[in-house]
Amino acid sequence: MSPVSDMGGREIRLESIERRSLVNRSRVEYGTWGINHVQGCSHGCLYCYACSEAKAHGRVRNYQEWCVPKVVGNAVEQIQRELARKRTPIDRVHLCFATDPFMWDSATGSAHPEIAGMTLEVMKSLNDQGIPVTVLTKGIYPELDLSGLHPDNQYGITAVSLGEEFHAAWETNTPSVFDRIEALRVLAEAGARTWVSVEPYPTPNIDPTASDVDALLNELEFVDKFIFGRLNYTLAVTQYLKNVDASFYARIAADVKAWCVMRDKPLHIKHRTPLYNPATKTILAVDFDYWNAVG
Ligand code: SF4
């Protein structure tokens, strides 16, 4: 076990748990298969759906417990076992839909080494079997030796706002969005395939910068693929749409689409967001022909 910090900056020990099933079908529309080799996430984003799901399934009792991550100690062995048994071919695996594979420790100001190390082991064990991964983090990518990894891996970050006020209130324990973008830029310049999840996108009552999505997208111009989606299941958002501007997401989705079309960037707009297009939900397939899909 190695040290990790809780929400109050106190040092705690990282516990290990065991899982009997890790390689699972994705319930997120743009994924096919997914692995969560960590339970919980110290980022503690206030809008986290994975935390709500973990509570609903009795994996954690509350938000505080969710914010103390536990690694799956048998992850690599378990993944190898499951891959050997699977009859259906696995085209790619997403890391991760219900935790963060390069989780940031806000108390030390660095990635948590045990989690990053395990993520790299999981990536390599999949890549060694010819399976590429799609990675999504709100942390910072470490320096990666891309020559030892699958060339079709796709490296992504979540970036929904450049606003400091929103970051401090809703994503308190994540690194600055500018640092996330910079780490992704380093990978892009080294030749990696990149993508960004602009989801869950906030409304202006919780993020004063939300009306100007182009400012955020302009920081991401080097990225290959884009996914956009609204913030769901949040009272402040519902109230904004009801009382202030019902067409907010229609306008922002149109702005995102126009920005991407102008730059020839593949885009998927998620289910429940205006301009959703099911034809683009396989955007992260390696051989996905975007321009053929959108017609
Ligand atoms: S980074 Fe993702 S998994 Fe972690 S708390 Fe935030 S939304 Fe949840």
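Threonine 280 is placed in the loop between strand 15 and helix 10. The structure is a predicted model.

**Threonine 280**

- Threonine 280 counts as buried because it has 20 C-beta neighbours inside 10 Å, and a residue is buried if 20 or more other C-beta atoms lie within that distance.
- Not counting residues up to four places away in sequence, threonine 280 touches Leu267, His268, Tyr290, Ala293 and Val294.
- Threonine 280 and tyrosine 30 are 250 residues apart in sequence, yet their C-alpha atoms are 8.4 Å apart in space.

**Other residues of the loop between strand 15 and helix 10**

- Arginine 272 is found in the loop between strand 15 (267–269) and helix 10 (290–294).
- Although arginine 272 is not a glycine, it has a positive phi of about 80 degrees.
- Arginine 272 is exposed, since 11 other C-beta atoms lie within 10 Å and the limit for an exposed residue is 12 or fewer.
- Leucine 275 also lies in the loop between strand 15 and helix 10.
- Its phi is positive, near 75 degrees, and leucine 275 is likewise a residue other than glycine.
- With 15 C-beta neighbours inside 10 Å, leucine 275 counts as partly exposed.

**Glutamate 29**

- Glutamate 29 is found in the loop between strand 4 (24–25) and strand 5 (33–34).
- This residue counts as partly exposed, with 17 C-beta neighbours inside 10 Å.
- Leaving aside neighbours within four places in sequence, glutamate 29 is in contact with Lys270, His271 and Lys281.
- From C-alpha to C-alpha, glutamate 29 and methionine 123 are 22 Å apart in space, and 94 residues separate them in sequence.

**Domains**

- An automatic or database assignment divides the protein chain into domain 1 (1–128) and domain 2 (153–295).
- The contact between these domains takes 13 residues from domain 1 and 18 residues from domain 2.
- On the side of domain 1 that touches domain 2, six residues are nonpolar, four are polar and three are charged.
- Taken over C-alpha atoms, the centres of domain 1 and domain 2 are separated by 23 Å.

**Ligand shell**

- The residues around the ligand are Cys41, His43, Gly44, Cys45, Cys48, Ala50, Cys51, Thr99, Asp100 and Lys138.
- By class, this shell has five nonpolar, three polar and two charged residues.

**Helix 6**

- Helix 6 (residues 177–189) has 13 residues and should span 18 Å at 1.5 Å a residue; its end C-alpha atoms are 18 Å apart, so the two values agree.
- Val177, Arg180, Ala183, Leu184 and Leu187 are buried in helix 6.
- The face of helix 6 turned away from the buried side carries the exposed residues Phe178 and Glu189.
- Helix 6 is followed by glycine 191, which has a positive phi near 105 degrees.

**Alanine 258 in helix 9**

- Alanine 258 is found in helix 9 (residues 248–262).
- Alanine 258 is exposed, with 11 other C-beta atoms within 10 Å.
- A separation of 9.8 Å lies between the C-alpha atoms of alanine 258 and aspartate 214, which are 44 residues apart along the chain.

**Cis peptide bonds**

- The peptide bond from leucine 95 to cysteine 96 is cis, and its omega is near 0 degrees.
- Cysteine 96 is placed in the loop between strand 8 (93–95) and strand 9 (104–105).
- The peptide bond from glutamate 199 to proline 200 is also cis, with omega near 5 degrees.
- Proline 200 has its place in strand 13 (residues 193–201).

Methods. Residues numbered from 1 in each chain as written. Predicted model: local features only at pLDDT ≥ 70, side-chain atom pairs only at ≥ 80, totals over all residues. Near = placed C-beta within 6 Å. Nonpolar A, V, L, I, M, F, W, Y, C, P; charged D, E, K, R; others polar. Helix = DSSP H or I, 4+ residues; strand = E, 2+ residues; numbered from the N terminus. Contact = placed C-beta atoms within 7 Å. Expected span 1.5 Å × (residues − 1).
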